[in-house]
Amino acid sequence: MSAGSATGKRLDVITIGRCSVDLYGQQIGSRLEDIASFAKSVGGCPSNIAIGTARLGLKSGLITRVGDEQMGRYVKEQMAREGVALDGIATDPARLTSLVLLSVENDKIFPLIFYRDNCADSALCEADIDEDFVKSSASVLVTGTHFAKPNTDAAQRKAMRIAKANGAKVILDIDYRPNLWGLAGLGAGEERYIKSDKVSGHMKSILPDCGLIVGTEEEVHIAAGTEDTLEALRTIRALSNAVIVLKRGPMGCVVYPGQIPDALDKGLVGKGFPIEVYNVLGAGDSFMSGFLRGWLKGEDYATSATWANACGAFAVSRLLCSPEIPTWEELQFFLKHGSPHTALRKDEAINHVHWATTRRQQPEQLLAFAIDHRMQMEKMADDAGAPRTRLNAFKRLAVQAIGRVSKGEPGYGTLLDDVYGREAMFDAAKLGLWIGRPLEQPGSRPLRFEFGQDVGSRLVDWPVTHTIKCLAFYHPDDPGDMKEEQAQKLRTLYEAARKVGRELLVEIIAGKNGPMDGRTIARALAELYALGIKPDWWKLEPQASAQAWENIASVIKQNDPWCRGVVLLGLDAPEEELAKGFAAVAGQPIVKGFAVGRTIFSNAAQNWLRGEMDDEQAVEDMAQRFQALAGLWREARRSA
């Protein structure tokens with residue numbers, strides 16, 4: 001039972017303080033001066049911990065400020081996606097969201113610049129602390145850096161008073177950043193420790209009100225005002241009855257719930273994990289998230305420390321901060337199975353769990369109008385004597401048709417290509433549609449990619465919300481060299497998709513290249529899974545029997561329980577035949593919808609290209625056909 005549930009509170013923890021957008025250099029081993037591209041994420045110690053605890057199953061909230069601009073909206077949207085309560089995030093119309101720039105020069109040097117000149121979160125004040133919101137949580141977490149200015153100091157102290165008055169726990173992450181206390185230059189963001197009697201005196205006034213204090217050896221030194229770690233711990237103990245957690249990097253951590261012993265390792269030692277250091281920034285926030293998952297759930301200190309150290313290991317082994325914190329499923333997978341890699345970012349099994357449990361949420365069903373056809377539409381244009389460039393306009397009409405059916409509701413989508421669908425993609429984005437984009441060269445067998453074989457570089461400029469779609473004419477009884485070539489193409493695509501963080505839909509059509517039975521598609525999927533290919537979606541042709549679908553579902557469940565599911569393709573089948581196909585899978589949970597094209601657009605395309613339909617007639621014709629298929633799908637589901 002969580003702390004919030006046990007006390008009747010809505011939330012388990014509210015974190016307070018820094019909130020930034022982090023821009024981390026993607027070229028490892030490079031000076032910040034030489035970085036060419038950056039990865040973006042939400043950052044700032046309390047923001048990271050809010051996300052981390054939410055991923056680990058706690059109910060968290062955040063009190064901070066963001067700017068009234070794109071970066072501020074990004075922060076709030078990402079917090080919502082992570083499940084963090086937004087009640088305490090104020091939008092500041094006069095200030096910008098803070099930024100952080102970082103590069104990884106090597107395993108010890110991480111140049112870091114804080115862009116915090118009059119930023120939004122530094123303007124947090126007492127008025128931003130809503131009493132009812134603080135009272136809704138079983139604990140509040142304050143951070144050392146936000147005691148550096150009078151207004152943010154007052155805000156955190158107010159939250160602490162409210163929490164204590166209402167029986168909530170107060171947690172302190174010492175979070176010492178010397179240059180944010182004005183003790184180091186603007187370009188010295190990576191500096192972790194500068195002795196300061198002023199800072200130490202300030203921190204000592206906070207310690208008596210805390211129930212949990214967490215810090216590195218350097219942070220314990222600054223909090224106590226002495227550079228002897230045992231003496232520092234005893235100073236903190238004299239001022240506070242809090243549980244003290246000392247973070248010791250690769251040596252793990254030590255928990256001191258009571259009297260400080262005569263040696264550091266005579267506390268409750270939580271052993272660390274042997275991990276290659278990739279980027280230390282954010283490791284402490286991940287550590288804190290893991291410890292709080294245990295401590296606020298009433299676990300013993302050994303369990304809490306193990307979870308904390310494991311979470312810290314994940315962050316150290318990866319580049320970013322909040323995106324790298326593990327989910328509860330990922331943490332349990334790691335603790336159960338371990339890893340042969342000291343660089344966890346290289347562990348495919350763990351990375352898949354991380355990806356599958358942190359990717360953006362999608363609706364439970366997907367009803368997609370597929371208009372990514374190139375060869376078929378080109379033939380229609382040629383037969384009609386129309387220039388192929390008109391296909392661009394027709395695909396925009398098709399998106400209009402989807403909009404008439406979807407009416408802004410989730411669960412609708414489209415497949416659109418880069419050849420004739422670029423403008424239509426812009427239209428689809430405005431409608432909030434799920435968008436899939438093909439990469440295969442139309443009709444290729446063996447599989448070839450369109451516009452060149454280096455798919456990784458091509459995917460970089462795709463929006464993160466676009467799903468990669470790839471059709472392979474793959475049959476499990478194909479000749480060995482054909483299977484090997486196609487499978488390796490798909491494996492290359494899968495690796496590229498994971499590297500750039502895009503979802504992948506793999507479409508398999510076997511029926512055109514060999515006999516089909518109840519095991520054919522299941523065998524094909526099993527072969528691809530054996531190569532480590534785990535797409536987010538499968539797009540499959542209708543099957544002849546319910547047993548065939550059972551076999552497919554069994555293979556998917558066995559190899560990837562996080563697979564989003566299967567959508568049915570149409571292959572120009574008439575509506576009556578598609579209705580039978582829908583009915584056949586209506587009771588199969590793994591099938592989430594359909595992606596049908598020619599059944600919907602063929603009539604309108606041919607007549608519009610010949611000039612026998614105007615724009616409105618074409619849109620209405622496609623909308624009616626799409627609406628009919630959506631109705632058939634829903635009716636089949638209801639009947640099942």
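Welcome! Strand S2 (residues 20–25) and strand S3 pair in the antiparallel sense, with 6 bridges between them, where pairing requires at least two DSSP bridges. Helices (H or I, at least four residues) and strands (E, at least two) are DSSP runs numbered from the N terminus. The model is predicted, so local features need pLDDT of at least 70 and side-chain atom pairs count only at pLDDT 80 or more, while totals for chains, interfaces and linings use all residues. Residues are numbered from 1 along each chain as its sequence is written, and side-chain values use heavy atoms, leaving out hydrogens and water.

**The sheet with S2 and S3**

- Gly25 has Phe38 in S3 as its bridge partner.
- S2 and S3 belong to an open sheet of 4 strands with mixed pairing, in the order S3-S2-S6-S7.
- Strand S3 (38–43) and strand S7 (112–115) are the edges; each has a single partner strand, so one side of each lacks a neighbour in the sheet.
- From one strand to the next, the twist averages 20°; angles run from 0 to 180 degrees between N-to-C directions, and axes are lines fitted to C-alpha atoms, for helices over the stretch in contact.
- Helix H3 (residues 70–82) packs on this sheet and touches S2, S3 and strand S6 (98–102), its direction making about 65° with that of S3; contact means heavy atoms within 4.5 Å.

**Glu82 in helix H3**

- Glu82 has its place in helix H3.
- With a relative accessible area of 15%, Glu82 is buried; the cut-offs are under 20% for buried and over 50% for exposed, with partly exposed in between (1.4 Å probe, protein chains only).
- Apart from neighbours within four places in sequence, Glu82 is in contact with Ile51, Ala54 and Arg55.

- Strand S14 (residues 366–370) is mostly covered, with 5 of its 5 residues buried.
- In a regular strand, side chains alternate between the two faces of the sheet.
- On one side of S14 the buried residues are Leu366, Ala368 and Ala370, and on the other they are Leu367 and Phe369.
- S14 pairs in the parallel sense with strand S21 (residues 591–596) over 4 bridges, and Leu367 stands opposite Phe594 in S21.
- S14 also runs parallel to S15, joined to that strand by 4 bridges, and here Ala370 stands opposite Leu415.

**Helices H13 and H21**

- The axes of helix H13 (residues 375–384) and helix H21 (residues 598–609) come within 9 Å and cross at roughly 25°.
- That angle makes H13 roughly parallel to H21, since angles under 35 degrees count as roughly parallel, over 145 as roughly antiparallel, 65 to 115 as roughly perpendicular and the rest as oblique.
- Gln376, Met377, Met380, Ala381 and Ala384 in H13 meet Arg598, Phe601, Ser602, Ala605, Gln606 and Leu609 in H21.
- The residues of this contact divide into 7 nonpolar, 3 polar and 1 charged; Ala, Val, Leu, Ile, Met, Phe, Trp, Tyr, Cys and Pro count as nonpolar, Asp, Glu, Lys and Arg as charged, and the others, Gly among them, as polar.

- The buried residues of helix H18 (residues 520–530) include Thr520, Ile521 and Leu528.
- They pack against helix H17 (480–500), strand S18 (504–508), strand S19 (537–540) and helix H19 (546–559).
- Just after H18, Gly532 takes a positive phi of about 85°.
- Lys407 lies in the loop between helix H14 (390–406) and strand S15 (412–415), and counts as exposed at 61% relative accessibility.
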